Amino acid sequence: MMRFNSILILTLLMISNICTAQIKSSKQTKSNKRGITTGADQTEKYLPYLKGKRIGMVVNQSSIIGNKSSVDSLMSLGIKIVKVFGPEHGFRGNASNGAVVADEKDAKTGLPIISLYGRNEKPTKKQLADIDIMVFDLQDVGCRYYTNINTLEYVMDACAENNKELLILDRPNPNGYVVDGPVMTEDKYKSAIGIHYTPMTHGMTIGEFAQYLNGEGYLKKQCKINIIKVANYGRDMPYVLPIHPSPNLNTQQAVMLFPSLCMFEGTAINEGRGTHMPFTILGAPALKGKYSFSYKPISIPGMSENPRHKDAVCYGLDLRNYDINKLRKSRKIDLSWLIELYNAYPDKANFFTPGRQNQDISAFDLRIGTDQLRKQIIAGVSEADIRKSWEPGLQKFKAIRKKYLIYPD
């Protein structure tokens, strides 16, 4: 009988251990399968810190908690937001690219909205006087010429000067897998579409970029920052944006092609502005007879009122079904389209367009951050040799960048 009881006890213990192991394994599997969680969605990490304080928010339509505006959400949770600062395209994201956005009052919340795109790029001492903490929550797409990182620097600079803390609700960089392109090294190429000595794609999140700005001396005085990190995120993980980050990045395909296709904004090629498929198609009237695909850019309020080649039929490339995984595997910007369309364009002397404000510097050079790529393409330098010329700058930048990374590659 004793032997039977012993066997029974041992059996029960074994079953118990197996069940415990299965439960533990199940929990681990569930944990490993958890999705990416943005900083904004982890309200438990920052709500207590914001309670009872006067808050300013740098946000746009991409700033959401769940599927609701982060401003609306935080106000409903009892957070005292006193004003909103809007970047390019405005707080609700309905202004066209490059359009000057005026100060206004938000129709939904009644909050004053201070524009940070146009004459007032940097918050003033007066605008920050009634704020205890500034919250920065913008979805970036990882390019030097995407202006959210410019806004980040101006806000950090203002907060540092006025002893205000900046709370950053971090979000994944959908193009975080790629660090590529020439590094801007000369001040003369600084403009509204590029003020940082980085490659065309920097491969950092907003939180990481803030640490880079603090550490690399971009600010007169370091800004006190507090970053709510993205949970369950690795830089190489695909991330589908839940909200369009700007009017002309209105599909995931456009977001992923943007680093490669935005280069065309300094050329005679229309990159899809003036259509409902921007940054997924390329064309120009002069390419008639060389490409069968065609489309006609028109004025579209809130997206592009005056696109290149407005009301003219453009011929070129349709990349709406291009396999984005090719870019992910290569971890590079695609240069082949730029080289191809330059070679196909009949009026090569006017392929690269002059700058709007500085006629002596090509608009293409301002976007790229150097005049070397333009000169190399005109000279017929191979893609392999062009890329080889980028390597010293890229390797130097990657070594600097490594110091500020939060998430694994």
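**Salt bridges in the predicted model**

Me: Where does Glu 216 fall on the accessibility scale?
Reply: Glu 216 has a relative accessibility of 30% and so counts as partly exposed, where buried means under 20% relative accessible area, exposed over 50% and partly exposed in between, with a 1.4 Å probe and protein chains only. This is a predicted model, in which local features need pLDDT of at least 70 and side-chain atom pairs count only at pLDDT 80 or more, while totals for chains, interfaces and linings use all residues. Residues are numbered from 1 along each chain as its sequence is written, and side-chain values use heavy atoms, leaving out hydrogens and water.

Me: What does Glu 216 pair with?
Reply: Its side chain meets that of Lys 403 in a salt bridge at 3.2 Å, N to O, the term standing for a side-chain nitrogen of Lys or Arg within 4 Å of a carboxyl oxygen of Asp or Glu. The two residues are 187 apart, with Glu 216 in the loop between helix 6 (206–215) and strand 9 (225–228) and Lys 403 in the segment after helix 12 (383–401); helices (H or I, at least four residues) and strands (E, at least two) are DSSP runs numbered from the N terminus.

Me: And Lys 403, buried or exposed?
Reply: Lys 403 is exposed, at 56% relative accessible area.

Me: What about Arg 374 and Asp 365, buried or exposed?
Reply: Both are buried, and their side chains form a salt bridge at 2.9 Å, N to O.

Me: How many salt bridges in total?
Reply: The count comes to 23.

Me: Which residues form a network?
Reply: Salt bridges link Lys 122, Asp 157, Glu 161 and Lys 220 in a network.
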